[in-house]
Amino acid sequence: MTSANVDPAAAPLTAASAGGSASGRRHAGLTRRLVPYGYLSPTMLLLTVLMVVPIVMVIGYSFRDNVIVNKNPVFAGLVNYAKVLTDADFLAALQNTAVFISVSTAAHLVLGLTFAMMLNTKLLGGITKAVFRIVYILPWLFTIAVIAVIWRLLLDPAGVVNYVLQTLGLIQDGVSWLGEPGTALWAVTFANIWSGYPFFMISLLAALQGISADLYEAAAVDGTNWLQRFVHVTLPQLRPVIISMAVLDLIWTSQQFALIWMMTGGGPLNSTEMLSTYTYKQAFSEYEFATASAAAVIVLLLTAALAFFYVRQQREQ
Amino acid sequence: MAVRATRWKRLMSAAAVAATLALTAACGSGGSSGSDGAAAGGPVTLEFAQWWGAELPAGEFDKIISDFTAQNPNITVKLLSAPYASTKQQLVTSAASQTLPDVVGLDGAWVNDFAKQGAITDLSTLMTEANYDPSQLASQVQVADKTYMIPVVNFVYPLFVNKDLLAKAGVTSVPTTRTQFLDAAKKISAIGGDVKGWALPLDSAVPNGVQNDVMSWLWASGGSMLQDGKPNLSSAPVKSAVEFVKNLNDAGVIAPGSLTMKEQDKVEKFTNGQVGMMIDSLAHINLIKKNKPDLNFEVAALPAEDGYTGERGIPYASWGIGISDSTEHKAEAFKFVQYLLGKDVNAKLSTIANGFPGNKNAAPDLNAGDPRFKTAFDIYQQGYPANEFVGLPKSEDLMRRFNEQLQLVLTGGASVDDALATTQQSWSAVIG
């Protein structure tokens, strides 16, 4: 057995040494904890500058009297919100936007699914499918400006659409599709459907190709017909993709501005006025930046509600 | 552990706020224009945002700018050229954030709003400081008796007439009165097919059809939509002009689709022979000739009310120029403005632009270009330039409000009296 001689004078040194080691460990621990934040900091900085600051500024503007034009704006409470929410033009824009996004999304889904199933079928050969794939995806390759010009020309009273319909005897006189308050909203919705279905089609085609053939074989062994397989195998398998796409499409379509602005400018008689065009006019035509901010915040809240459903749906998956 | 987490969160929050403020301050301290050469007498770069370069023959505007740099080696002008609509959007946002380029191309319709925001500077002071004689200027756009914009080139909007369609319709002379115009429009529309007598663009995205194609009827008969600077839309001349447009619509002589028709659609339909007559900018002569060289058309004064013998107002638009209030190089910027408004340069610019000079002493070469240019110059000299929207606050918004009511009239949703009363009320809230 050995005995240890402990020098009392050395005790404090040992304690100090132990303390230094603990400090070093804390420092190392802090450094280790900071490293991930260091990696994240560029992204956080960009998000802060590009997202958080503008959003906070717009929210701040919406609670003041006319900002930007007025050099010394003061707090105005909810006046701007009250003004926007009681404006008949805003309510018309809200209604038009609801029709525009719901019809567009439903049509995107139906067309996208139909074309995706057609491209996924075994009844067509590889070359035929490739040709159709190119044809169907074409609208997605055009920019919004080109789409607006194409459809303005096609829907002109002296344009191709009227010519075809008159030749087929479906209409007697040329219709001003974009110039009539009764048809303008449906015309721009149609153009939006045309430009947006390929994204649905591609996504659903990928999802269709991911469904196991075993499921169809098992269903066939059970004696199901095509419709039963579609309803009980295909749709349930596509459900997560369909819901995600639908929510995303609602969000994207609600922000559609360029197509409306270039095709009708919100007219005639506000029949195609959307929340986006309304907000733009408030800011850049009336120079009412505070009410424009209030309208933008309302749009943000509506979009955030949709985004909430999207995130929740993604979590469930 | 919880304490440490809270402390850490606080640390991160403080860091984020500090970083944001630092970055924002860095962005904000860049100055209004990004100009170089702050030192007095040193080289200076002026940024000049405009849409003119995009509308002139390729390279022509660059030559004019190069000549300025050759004469003023210490001043470099950087052109920021974009189409009209893009320039407007860019300037509106820049004005709001006090970051306008040093020199800006302006439309008279924007001046009031920019001046009230303090985005453009008072040119009267700069003219005094530079001992510039303003009497040589054809016009100035003022707000509260101070000049904020000087028109460099003016473009008039005469009546364009397709002579072949007129002859085909059996109309022997270009209409000079409203009755003759209605009659000619009816006869042209009777040709059939897609051909109509007149085009009326009332698109709400850019509602300047109200200014160019509707109010022009009022101004051509010496009328005014204002009285002592306030709206006077219930007056008999305004009502008469709007009723005339309604009569044209009721007679079915307006090209269909007018409620969402854009200015370029109007020009296209005229060029394609689908419309016999239109009111349009002289600047579009080149475009029409380029797209259809054999189109047989001429320009004429706008028809006036029957029996009217006074001077006829002719609508115009300008390539105006202004200077940012926040630029550090106001003197150099005004030197550039002076150069563009100089007798010879202004004449040259007006000639290549098919417009009329902003300097009264400048003489554009009327024989160098299209002969219609000379005809238009005669019309311009016989009448007077008229555009009451120039200098008004929120002028585009005023046009849009009028446009909405006019659309109601044309679709049977309101009477002329009700529409004008409603517009009078909404205009009064802005300029009352």
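Guide: Helices (H or I, at least four residues) and strands (E, at least two) are DSSP runs, numbered from the N terminus. This is a predicted model: local features need pLDDT of at least 70, side-chain atom pairs count only at pLDDT 80 or more, and totals for chains, interfaces and linings use all residues. Residues are numbered from 1 along each chain as its sequence is written, chains are lettered from A and ligands numbered from 1 in the order in which they are written, and side-chain values use heavy atoms, with hydrogens and water left out.

Visitor: Where is the place of Asn131(B)?

Guide: Start with the backbone. Most residues other than glycine have a negative phi. Asn131(B) is not a glycine, yet its phi is positive, about 55 degrees. Its place is the loop between α6 (123-129) and β4 (141-143) of chain B.

Visitor: Which helix gives the most to the lining of the largest cavity?

Guide: A cavity is a set of points on a 1 Å grid over the protein atoms alone where a 1.4 Å probe fits but cannot get out, and lining residues have an atom within 4 Å of a point. Here the lining is Gly266(A), Gly267(A), Pro268(A), Leu269(A), Asn270(A), Lys281(A), Ser204(B), Asn403(B), Glu404(B) and Gln407(B). With 3 residues, the leading contributor is helix α16 (residues 395-410) of chain B.

Visitor: What volume does the largest cavity have?

Guide: The structure holds 2 cavities of 30 Å³ or more. A volume is the space filled by probe spheres set on the points, which are joined across faces, edges and corners. For the largest cavity that comes to about 40 Å³.

Visitor: How many residues does α16(B) give to the lining of the second largest cavity?

Guide: This cavity has a volume of about 30 Å³. Its lining is Val242(B), Phe402(B), Gln405(B), Leu406(B), Val409(B), Ala419(B), Leu420(B) and Thr423(B). Two elements give two or more residues, α16 and α17 (416-431) of chain B. α16(B) gives the most, with 4 residues.

Visitor: At what angle do α16(B) and α17(B) pack?

Guide: Two packed helices are described by the angle between their axes and the distance between the axes. The axes are lines fitted to C-alpha atoms, for helices over the stretch in contact, and angles run from 0 to 180 degrees between N-to-C directions. For α16(B) and α17(B), the axes lie 9 Å apart and the angle is about 165 degrees.

Visitor: Is α16(B) roughly parallel or roughly antiparallel to α17(B)?

Guide: Angles under 35 degrees count as roughly parallel, over 145 as roughly antiparallel, 65 to 115 as roughly perpendicular and the rest as oblique. So α16(B) is, relative to α17(B), roughly antiparallel.

Visitor: Which residues of α16(B) make the contact with α17(B)?

Guide: Contact means heavy atoms within 4.5 Å. The α17(B) side includes Val416(B), Trp427(B) and Ile431(B). The α16(B) side is Leu398(B), Arg401(B), Phe402(B), Gln405(B) and Val409(B).

Visitor: Is the crossing of α3(B) and α13(B) left-handed or right-handed?

Guide: The axes of α3 (residues 60-71) and α13 (residues 330-340) of chain B come within 11 Å and cross at roughly 125 degrees. The two helices are therefore oblique to each other. A crossing is left-handed if the near helix is turned anticlockwise from the far one by less than a right angle, and right-handed if clockwise. This crossing is right-handed.

Visitor: Which residues of α13(B) make the contact with α3(B)?

Guide: α3(B) brings Ile64(B), Ile65(B), Asp67(B), Phe68(B) and Gln71(B). From α13(B) come Lys335(B), Phe336(B), Tyr339(B) and Leu340(B).

Visitor: At what angle do the axes of α8(A) and α9(A) cross?

Guide: The pair is α8 (residues 213-221) and α9 (residues 226-254) of chain A. Their axes come within 10 Å and cross at roughly 160 degrees.

Visitor: Which residues of α9(A) does α8(A) meet?

Guide: α8(A) passes α9(A) in a right-handed crossing. Leu215(A), Tyr216(A), Ala219(A) and Ala220(A) stand on the α8(A) side. They meet Arg229(A), Val233(A), Thr234(A) and Gln237(A).

How values were computed
1 Å grid on protein atoms, 1.4 Å probe; cavity = no way out; pocket = protein on both sides within 12 Å on 5 of 7 lines; lining within 4 Å.
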